[in-house]
Amino acid sequence: MAAKTAKADEAAETAGPADRPSAARKPGRWAAPPRPVWEEEPARAGLAGKGIALGFACFAILFPLWIVVVTSLQTKKTIDEAGGLVVVPRSITFVAYQELLGGGQVQRAALVSVGVTLVGTLFSMTVSVLCAYGLSRTGSLGHRWILMTLLATMFFGAGLIPTYLLVQALGLTDTYLALILPSAVSVFNILVLRSFFMGISPELIDSARIDGAGDWRILWKIVMPLSRAVLAVIALFYAVGYWSAWFNASIYLTDQDMMPLQNVMIQLVQKQERPVGLAAQINTGQLSPLAIQMAVMVMALLPVAVLSPFVQKHFKKGMLTGAIKG
């Protein structure tokens, strides 16, 4: 028996990489992860079909964006020769962006959108985190009633007219608070945060309490560092919501100088209104109205397109984990 064991050990040591079990081989950096034993190898037809479907989806998403970006970088002569939207660029010019960012209504609207997005996201995250942490402590005061009240607001709403009358009664019309407070909190985001907070080990929190830590310290030092993934995802949801919002500004604001970028873009694209300061250049033929419209659309899409890839890695761990544990 000992001789057989020694021969087996010697054979294992002398065996090459091809002779060893697949579990012992370490995949390279770009190698595909090992497949489960019950999953069969993909067929070539299936792989080709997936590649074609993904390629078509990418083309359907990127081609319109390509047209918007290319058209915003073309001169008025090129746009007129193409009869509208430009697919193949002939010349590159940043005149439209220089004029938009050189001052006037569009630059002011962009600054308004940035300010509302930053302040609104910070306020919404603060309220949502505090509410979710309080609801995740099942022994807190009024826990069940507060949770039921929040759930009721997901299915029953007062409507537009009572909301407008409330905002008007509070004196928030023609103020930037009207762009933040009416949509500051999402009950769905609170429930996702609550589910994630409840998944944190109770022993970890109990040990912190034994060491003398209070709720504020536990939230700041333990809960939030362990919840970076879900916090990043929820912050992205709030930021995209504030950046893309236009309805609140259209009903609560009457001053055109206070309008955010999305409302200015609607005026340019749908109502064909020209920004203050650019009308003279458009009338004299120095700028193309279509290039201005496309440039404003690029400015509105750029922040979301830049931030999304950095938060994308947190979606699986943050959003899905928080949603499954409810």
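This predicted model contains zero disulfides. The protein has 326 residues, and 32% of them count as buried. Its secondary structure comes to 16 helices and zero strands. The mean pLDDT is 80, and 80% of the residues reach 70 or more.

**Cysteines**

- A disulfide is a covalent bond between the sulfur atoms of two cysteines.
- The count of such bonds in this model is zero.
- Cys58 is partly exposed, at 44% relative accessibility.
- Cys131 is also partly exposed, with a relative accessible area of 22%.

**Confidence**

- Helix α1, residues 2-14, has the lowest confidence, with a mean of 49.
- Helix α12, residues 247-252, has the highest, at 92.
- Residues 1-8 stay under 50 in pLDDT. The model gives this stretch zero contacts beyond four places in sequence.
- Residues 11-27 are below 50 as well. Here the model has five contacts beyond near neighbours in sequence.

**Contacts across the chain**

- Take the contacts in the protein with a separation of 6 or more: 72% of them join residues 24 or more positions apart.
- Leu130 and Leu193 are 63 residues apart in sequence. Their C-alpha atoms are 9.8 Å apart in space.

**Nonpolar cores**

- In soluble globular proteins, nonpolar side chains tend to be buried together.
- The largest nonpolar core here has 35 residues. Leu100, Val106, Leu261, Val296 and Met299 touch the most other members.
- Six helices each supply at least two residues of this core: α2, α4 (95-101), α5 (105-136), α11 (228-244), α13 (261-269) and α15 (289-312).
- Helix α15 gives the largest share, eight residues.
- Met299 touches Tyr97, Leu100, Leu101, Val106, Ala110, Trp243 and Leu261, with residues up to four places away in sequence not counted.
- A second core is separate and has 26 residues. Val129, Val187, Leu191 and Ile222 are among them.

**Annotated transmembrane regions**

- An unreviewed UniProt entry carries the annotation "transmembrane region" for residues 52-73, 109-133, 145-170, 176-197 and 290-311.
- In the model, residues 145-170 are 81% helix and 0% strand. The end C-alpha atoms of this stretch are 26 Å apart.
- Residues 176-197 are 50% helix and 0% strand. Their end C-alpha atoms are 32 Å apart.

**Aromatic pairs**

- A pair of aromatic rings is described by the distance of the centres and the angle of the planes.
- The count comes to three aromatic pairs.
- Phe59 and Phe63 form a stacked pair. Their centres are 5.1 Å apart, with 20° between the planes.
- Both residues sit in helix α2 (residues 44-72). They are four residues apart there, so about one helical turn separates them.
- Phe59 is exposed, at 52% relative accessibility. Phe63 is partly exposed, at 32%.
- Trp246 and Phe247 pair edge-to-face, because their planes stand at 90°. The ring centres are 5.8 Å apart.
- Trp246 has a relative accessible area of 42% and is partly exposed. Phe247 is partly exposed too, at 39%.

**Two residues to look at**

- Leu130 lies in helix α5. This leucine is partly exposed, with a relative accessible area of 38%.
- Leaving aside neighbours within four places in sequence, Leu130 is in contact with Trp216 and Leu219.
- Asn248 lies in helix α12, the helix with the highest confidence.
- Is Asn248 buried or exposed? Asn248 is buried, because its relative accessible area of 15% falls under the 20% cut-off.
- Asn248 touches Ala178, Leu179, Pro182, Ser183 and Leu253, with residues up to four places away in sequence not counted.

Key
Residues are numbered from 1 along each chain as its sequence is written. Side-chain values use heavy atoms; hydrogens and water are left out. Rings of Phe, Tyr and Trp (its six-membered ring) pair if their centres lie within 6.5 Å; planes under 30 degrees apart count as stacked, over 60 as edge-to-face and the rest as tilted. Buried means under 20% relative accessible area, exposed over 50%, partly exposed in between (1.4 Å probe, protein chains only). pLDDT is the predictor's confidence in each residue, from 0 to 100. Contact means heavy atoms within 4.5 Å. A nonpolar core is a set of buried Ala, Val, Leu, Ile, Met, Phe, Trp, Tyr and Cys residues joined through side-chain atoms within 4.5 Å. UniProt positions are given in the numbering used here, feature names are shortened, and annotations may be inferred rather than shown by experiment. A disulfide is a pair of cysteine sulfur atoms within 2.5 Å.
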